[in-house]
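Dear colleague,

Please find below the structure that I am handing over to you, shown together with its sequence.

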Amino acid sequence: MTTFPPAQDLIVRNASLPDGRRAQDILILAGTIKAIGPALDAPEATPVLDAKGDLVAPPFVDAHFHMDSALSYGLPRINASGTLLEGIALWGELKPELTHQAIVDRALAYCDWAIGRGLLAIRSHVDICDPRLLAVDALIEVREKVAPWLTLQLVAFPQDGFLRAQGSRERLIAALDRGVDVVGGIPHFERTMAQGAESVRALCEIAAERGLRVDMHCDESDDPMSRHVETLAAETTRLGLEGRVTGSHLTSMHSMDSYYVSKLIALMAEAELGVIANPLINITLQGRHDGYPKRRGMTRVPELLAAGLTVAFGHDCVMDPWYGLGSADMLEVAAMGLHVAQMTGQSAMAECFSAVTTAPAKLMGLDDYGLMPGCRGDLVLLQAGDPVEALRLRATRLAVVRGGRIIARTPAATATLDLGDGDRPTLNPVSWRGGERPGF
Ligand SMILES: [Zn+2]
């Protein structure tokens, strides 16, 4: 992963687009999308990618991830209780054992998974509560190494608390000085509610001074009185940071009193707060102290969308102290979010697809992202006819394109049936569109 050919030309033929347009061509010249429309002319000898009517989407984006702990599952032991707090304790046990190279190697392995899955932009939190700032240096190195293929944005994350852990302020500032992109926080993990609010204020001020974005782990708790998102919204407005601040998790909103939430969502909308739910992790970590009925613990996604807020779904963890599963598949993330939020209407399902593409791209401030002329020629060809079918099938990524160059291919999924009438290949999982019937 050191050299990379220059951006290339490509013409994509006969694509279906996420907005429902069909039979579209996409012309990419020198790595940039020049035109989208039916039957486009392309310069002679332009390489062709025939979409054959399948869905071409902008690449997947994961706006909430932890690349410094990814793929460390089982080190030094497995989370027995399955709780968030045991995960934090376990990560604390692992931290002194980490090496620069081990973090780099695991992160690069994960980036390979991501690229194969068409996931070409990731915002990763990086724990700054380590006097060596080992993970900061390792992930900055990874960010540079993968830049031709994958956009990695880093958040300075005080995992053990900004005020609670001694020296966090100095380490967070040092991490930003070394080139970490975004200011993080974890107010619900501070010692008191008051200190949580104080940490939000201090961190937003650091971001305002430096002209940076904010993305805090906020209220990742079943406690309905965990209300730091209120302070986050108020500080955003006070400091003029509208549209640049994101609250991640916000799981306590699931358990809050609905009258209070009706005031809170209006404050969040005023602050243009971004929201990231992490459905795979929220559904497994929250509600652990409940008897039956057990709370789902995901934030109020449909209500936040209805108020005009930008809501993304993040993967959060893959094979780490908090979660032993995951595979960089943002369609799995979106499908889980869809089910947990009961977003089963057609437009709601389409919004779940946006929650792993355009919405997180907006929260990360990716200016050249999208299927529009002028955007970088990044896209993914899926073995599906539309976004809902992509979610239903966890569609195969037939081709992944970065800057006009095909950087990953996966063969179409098929099964060969033998039901006594000879071998009969059929798509598997089955596609079902326009009255077309599978092979039964
Ligand atoms: Zn997280």
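Predicted model: local features only at pLDDT ≥ 70, side-chain atom pairs only at ≥ 80, totals over all residues.

Cavities and pocket

The structure contains 5 cavities of 30 Å³ or more. The volume of the largest cavity is about 120 Å³, and 16 residues line it. Closest to the centre of that cavity are Leu84, Gln159, His217, Glu220 and Trp322. Two helices, α1 (84-94) and α9 (279-285), each contribute at least two residues to its lining. Sorted by class, the lining of the largest cavity comprises 9 nonpolar, 5 polar and 2 charged residues.

The largest pocket holds about 370 Å³ of space. Its lining consists of 20 residues, of which Leu84, Leu85, Glu220, Ser221 and Asp222 are the closest to the centre. Here the classes are 6 nonpolar, 8 polar and 6 charged residues.

Helices α4 and α5

Helix α4 (residues 168-178) and helix α5 (residues 193-210) have axes that come within 12 Å and cross at roughly 25°. Because angles under 35 degrees count as roughly parallel, α4 is roughly parallel to α5. The crossing in which α4 passes α5 is right-handed. On the α4 side, the contact is formed by Arg169, Leu172, Ile173, Leu176 and Asp177; on the α5 side, Ala202, Leu203, Ile206 and Arg210 take part. This contact has 6 nonpolar and 3 charged residues, with no polar ones.

Backbone features

Most residues other than glycine have a negative phi, and most peptide bonds are trans.

- Leu75 and Pro76 are joined by a cis peptide bond, with omega about -10°. Pro76 belongs to the loop between β6 (60-65) and α1.
- A cis peptide bond also links Tyr292 to Pro293, where omega is about -5°. The loop between α9 and α10 (301-306) contains Pro293.
- Asp219, although not a glycine, has a positive phi of about 55°. This residue sits in the loop between β10 (213-218) and α6 (228-238).

With kind regards

Note on methods: Residues numbered from 1 in each chain as written. Heavy atoms only, no water. Axes fitted to C-alpha atoms, helices over the stretch in contact; angles between N-to-C directions. Helix = DSSP H or I, 4+ residues; strand = E, 2+ residues; numbered from the N terminus. Parallel < 35°, antiparallel > 145°, perpendicular 65-115°, else oblique. Left-handed = near helix turned anticlockwise from the far one by under 90°. Contact = heavy atoms within 4.5 Å. Nonpolar A, V, L, I, M, F, W, Y, C, P; charged D, E, K, R; others polar. 1 Å grid on protein atoms, 1.4 Å probe; cavity = no way out; pocket = protein on both sides within 12 Å on 5 of 7 lines; lining within 4 Å. Points joined across faces, edges and corners; volume = space filled by probe spheres on them.
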